Amino acid sequence: MLWGNCYGGSGFSQGVNALALTPLDIEKKEFKRTFRGYSEVEVDEFLDLIINDYEVLYRENMDYKDRNQHLQEQLEQYQRLEDTLKNTLVMAQQTAEEAKDNAHREVELIIKEAQDRAAAIVAEAQDRVQEILGDFQETKQELKVFQSKVKVLLEAQTEILQELEEELK
């Protein structure tokens, strides 16, 4: 019996897409015993290896998900800050135009200082947003690499199991 069939599906990849399978699921899985079945010791040893490797991958995936969530929250926080700064800048410009009637020279100086400060704050916020987006893209790429490695590992293991099955026929 191939591993994929033990989940009620027709193939191994069904249950692995979103890491729905936990290390405990692997550890607790029991196989039917048959007259000419696999060596119980070899299967148990192999499952122990899979459990250990899968547990490491499972934890790494959870860490990546946590990190991604944290980066998303930071990005949202910086976007709200940017909106606030934009709103503040608009209000400052309106106030400057109203004050222009009273003191044209003084208002020009205030506008220039406000624009310089706002531009520096907006530039700093945009730099931070770009940095967070870069981190997010890097994490996303690392996750893709991780998924590819898991897929290759699982395909290799499936191929080995199929070869073993062919040898036993």
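Which helix supplies the largest share of the lining of the largest cavity? The answer is H2, with four residues. Helices here are DSSP runs (H or I, at least four residues), and strands are E runs of at least two, numbered from the N terminus.

The model is predicted: local features need pLDDT of at least 70, side-chain atom pairs count only at pLDDT 80 or more, and totals for chains, interfaces and linings use all residues. Residues are numbered from 1 along each chain as its sequence is written, and side-chain values use heavy atoms, with hydrogens and water left out.

The chain contains three helices and zero strands. Along the sequence, the pattern reads α-α-α. The chain has 169 residues, and 20% of them count as buried. Buried means under 20% relative accessible area, exposed means over 50%, and partly exposed lies in between (1.4 Å probe, protein chains only). Among contacts with a separation of 6 or more, 79% join residues 24 or more positions apart. A contact means heavy atoms within 4.5 Å.

Isoleucine 51 lies in helix H2, which covers residues 40-100. Isoleucine 51 counts as buried because its relative accessibility is 8%. Residues up to four places away in sequence aside, isoleucine 51 touches Pro23, Ile26 and Glu27. Leucine 24 is 27 residues from isoleucine 51 in sequence, yet the C-alpha to C-alpha distance is 7.9 Å.

Isoleucine 51 also belongs to the largest nonpolar core. This core has six residues: Leu21, Ile26, Leu47, Ile50, Ile51 and Tyr54. H2 gives the largest share, four residues. A nonpolar core is a set of buried Ala, Val, Leu, Ile, Met, Phe, Trp, Tyr and Cys residues joined through side-chain atoms within 4.5 Å. In soluble globular proteins, nonpolar side chains tend to be buried together.

The structure holds one cavity of 30 Å³ or more. On a 1 Å grid over the protein atoms alone, a cavity is a set of points where a 1.4 Å probe fits but cannot get out; lining residues have an atom within 4 Å of a point. Grid points are joined across faces, edges and corners, and the volume is the space filled by probe spheres set on the points. The largest cavity holds about 30 Å³ of space. Leu89, Ala92, Gln93, Ala96, Ile111, Ala114 and Gln115 line the largest cavity. H2 and helix H3 (104-168) each supply at least two residues of this lining.

Conventions:
On a 1 Å grid over the protein atoms alone, a cavity is a set of points where a 1.4 Å probe fits but cannot get out, and a pocket is an open set with protein on both sides within 12 Å along at least five of seven lines; lining residues have an atom within 4 Å of a point.
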